[in-house]
Amino acid sequence: MTLIGAGAAPDEDIAAARAHAPRVVAADGGAGRALAAGLMPEAVFGDFDSLDTATRRALPEDRLHHVPEQETTDFDKALRHTLAPLVLGVGFLGARLDHLLAAQTVLARRADRRCLLIGGADLVFLCPPELSLDLDAGCRVSLYPLAEVRGRSEGLFWPIDGLTFAPGGVIGTSNRVTEGPVRLSMAAPAMLVILPREALGAAVTSLAAPGPAWPAP
């Protein structure tokens, strides 16, 4: 499933996501971006504070799912109210740093929902308990912890075995592949994996494959 947010979502990002996940859902104002791309979302979730009148009128009423609470973001609202083996999100890694950081928090909070966010140069997703990635030698693989977490790796230039990662301590940015496949395992749902945009196909294949999953919160 492709989930479109209200941030920067160029046509090429939407097309890249829909090549793997053709069904479209929108988070609040992302509905306008979907319509502008010629797409009618199957559902729209949010508090609708960024859904303009013209866009709302263009949407069938039965596709609008109002979630009025203000404690979570529209991304969170949409992600937790949809069921899909894998969600590809566009429009969540835009220019605003606060929005970008909030999106990463949602990835950790909804660790049971596999979700990959597509940006202009990068992809980011929460590492599942076990992950195997078929990446080319030299490909950048960055690991960024959202909380204290330990893990194991194969195929990385700098192995992570025996390290304790934490936001204010050890981080794993700018690692690279020595030989594939890269295998990662994590002890907790707290590690972001950041890959170059060119790795989208490999990332989708890996995340869509059956395997261990984090429990629902």
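The expected span of a helix is 1.5 Å times one less than its number of residues, where helices (H or I, at least four residues) and strands (E, at least two) are DSSP runs numbered from the N terminus. The model is predicted: local features need pLDDT of at least 70, side-chain atom pairs count only at pLDDT 80 or more, and totals for chains, interfaces and linings use all residues. Residues are numbered from 1 along each chain as its sequence is written, and side-chain values use heavy atoms, without hydrogens and water.

**Helix α5**

Helix α5 comprises 13 residues (97-109), so at 1.5 Å a residue it should span 18 Å; its end C-alpha atoms lie 19 Å apart, which agrees. Ala103, Gln104, Val106 and Leu107 of α5 are buried, that is, under 20% relative accessible area with a 1.4 Å probe and protein chains only. These buried residues line one face of the helix, because they fall within an arc of 155° seen down its axis; the arc is taken from the directions from the helix axis to the C-beta atoms. Their cover includes α4 (74-80), β6 (115-118), β7 (122-126) and β14 (191-196).

**Cavities**

On a 1 Å grid over the protein atoms alone, a cavity is a set of points where a 1.4 Å probe fits but cannot get out, and lining residues have an atom within 4 Å of a point. There are 2 cavities of 30 Å³ or more.

| Cavity | Volume | Lining classes |
|---|---|---|
| Largest | About 110 Å³ | 11 nonpolar, no polar, 3 charged |

Of the 14 residues lining the largest cavity, Ala111, Arg113, Arg114, Cys115 and Leu126 are the closest to its centre. The second largest cavity is lined by Leu79, Thr82, Leu83, Ala84, Val87, Arg113 and Arg114.

Note on methods: Buried means under 20% relative accessible area, exposed over 50%, partly exposed in between (1.4 Å probe, protein chains only). Contact means heavy atoms within 4.5 Å. On a 1 Å grid over the protein atoms alone, a cavity is a set of points where a 1.4 Å probe fits but cannot get out, and a pocket is an open set with protein on both sides within 12 Å along at least five of seven lines; lining residues have an atom within 4 Å of a point. Grid points are joined across faces, edges and corners, and a volume is the space filled by probe spheres set on the points. Ala, Val, Leu, Ile, Met, Phe, Trp, Tyr, Cys and Pro count as nonpolar, Asp, Glu, Lys and Arg as charged, and the others, Gly among them, as polar.
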